[in-house]
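Q: Could you help me learn to read a protein model, one feature at a time?
A: Gladly! Let's look at it together.

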Amino acid sequence: MIFNKKTVPVFRGVAATTFSLAVLATMGLGLADQWRTQVDAALGTSSYETITSEPRFTSDYTKPEELMAELKAVAVQEGIDGTAILKNDNNALPLAAKAKINLWGNASYNSYRGMVQAGNKDAVDLVGALEAGGFTLDPTLKGIYTEINEEQLIASSGWGGTTYKPAYPNTSAPAYDTYQIREVNPSKFTQEGFGTADAGWASSLTGDINIVTFNRPGGEGNTFKPGATTDSEGNPLDQNPFAFSPDELAVIDAAKATGKPVIVLLSTSCQFELGPIVKGGEHEVDGIAYIGLPNDYQYTGIVKVLAGEENATGALADTYATDSTSSPSMMNFGGDMYSDYQSVLDFEDTRWPGVEITNEGAGSMGGSATYNGGMYYVEAEGIYTGLQLLRDPLL
């Protein structure tokens, strides 16, 4: 092998690194500390010693299980502190001890949860939290919704490939130009694939009180377009995505038909238009509670609030309007594409020969090459934003 002046320093550095690793591997950390000066000189580094006896390096936990228990307790407390009671008439809350509950709504059985750990075996959903809290769920409704979740599936594509998840409710963040509200109308409970109920299922319900859960998903870079809403079959609803769909209102009406109090839980990162279910509304219910996007353990805390074991101290961070389009800022809500945004596709950019370049919005994770100039947003809000909401607020 022939060496020159340029290659010698390279091999010298390799030799020094190999020597340093050999010291660590064969002589142990004690001798490595003894050779610290030589190692630093060879690698051009500056080492230091960590005094692990200092308090900041001392754990409050002796075992990992203790740490996990504490983290779960924090999550439960988040469920307690984050629950906001928006309406409570006719002593609907707190729930009577060991009450039997008619649990309605697909979101009650297929919980819309945020930041959950896939495959977590001890995660707690609403059904599990209620039963662990000593409550009994009406078996007829539980059987109907369980079968819907098992038989009505939808393909979901992601980084891990295509999987199948329950079709109801829709837990996907919306595309700007469409949002599908997927909720099973109780009129379908006797149809094949939607349950095993016979024609008299409604009269067989045994609950002392009704709980209904609805959701509205959200996500980074996602917005709802006013009027761009469809039902579970894809039929245009010509209504705001934040309004209750006819199928959701049908669930409320079926619960009200039992003659027992009705409590609605809002599992959402968005604002619902609650006009129809508050005082004076055509579908008024007895209680409403905001529960947000619970994680793996927050439902335990939420149920503690519903049961009266903990005080509901949560409050809304947003105004819930009876009609979100009444805000002046709704004129410029979301974004849109320039009418001629596709014209750039006829242009061949010589800087990237052979690369197909689009002209659409780019997500936060990037993607194919794009000019990313086809989408625009109008930001014209000013001092008048919110005045309409303050004039006619919901709460």
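Q: Which residues does Asn149 contact, leaving aside its neighbours within four places in sequence?
A: Contact means heavy atoms within 4.5 Å. With those neighbours left aside, Asn149 is in contact with Asn106, Tyr109, Asn110, Pro166 and Tyr168. Also, 16 residues along the chain separate Asn149 from Lys165, and their C-alpha atoms are 8.1 Å apart.

Q: What kind of model is this, and how are its residues numbered?
A: It is a predicted model, in which local features need pLDDT of at least 70 and side-chain atom pairs count only at pLDDT 80 or more, while totals for chains, interfaces and linings use all residues. Residues are numbered from 1 along each chain as its sequence is written, and side-chain values use heavy atoms, with hydrogens and water left out.

Q: Where does Asn149 lie, and is Asn149 buried or exposed?
A: Helices (H or I, at least four residues) and strands (E, at least two) are DSSP runs, numbered from the N terminus. Asn149 lies in helix α6, residues 139-151. Buried means under 20% relative accessible area, exposed over 50%, and partly exposed in between (1.4 Å probe, protein chains only). Asn149 is buried because its relative accessible area is 14%.

Q: How do I read a sheet, and what is the strand order here?
A: Strands of a sheet pair through backbone hydrogen bonds, either parallel or antiparallel. Two strands pair if DSSP finds at least two bridges between them. Here an open sheet of six strands runs in the order β1-β10-β9-β7-β2-β3, with mixed pairing. Its edge strands are β1 (84-88) and β3 (136-137), each pairing on one side only.

Q: In which sense do β9 and β10 pair?
A: Strands β9 (residues 262-268) and β10 (residues 287-290) pair in the parallel sense, over four bridges. Ile263, for instance, has Gly287 in β10 as its bridge partner. Helix α7 (residues 246-256) packs on the sheet and touches β2, β7 (209-216) and β9. The direction of α7 makes about 170° with that of β7; axes are lines fitted to C-alpha atoms, for helices over the stretch in contact, and angles run from 0 to 180 degrees between N-to-C directions.

Q: How many residues of α7 are buried, and what covers them?
A: Eight of the 11 residues of α7 are buried, so this helix is mostly covered. Among them are Leu249, Val251 and Ile252. The cover includes β2, α6, β7 and β9.

Q: What does Asn102 in strand β2 have around it?
A: Asn102 sits in β2, residues 100-104, and counts as buried because its relative accessibility is 1%. Beyond its neighbours within four places, its contacts include Asp138, Leu141, Asn210 and Thr258. A polar contact is a pair of N or O atoms within 3.5 Å; within protein, one must be able to donate a hydrogen and the other to accept it, and residues adjacent in sequence count only if both atoms are side-chain atoms. The side chains of Asn102 and Asn210 make one, at 3.1 Å.
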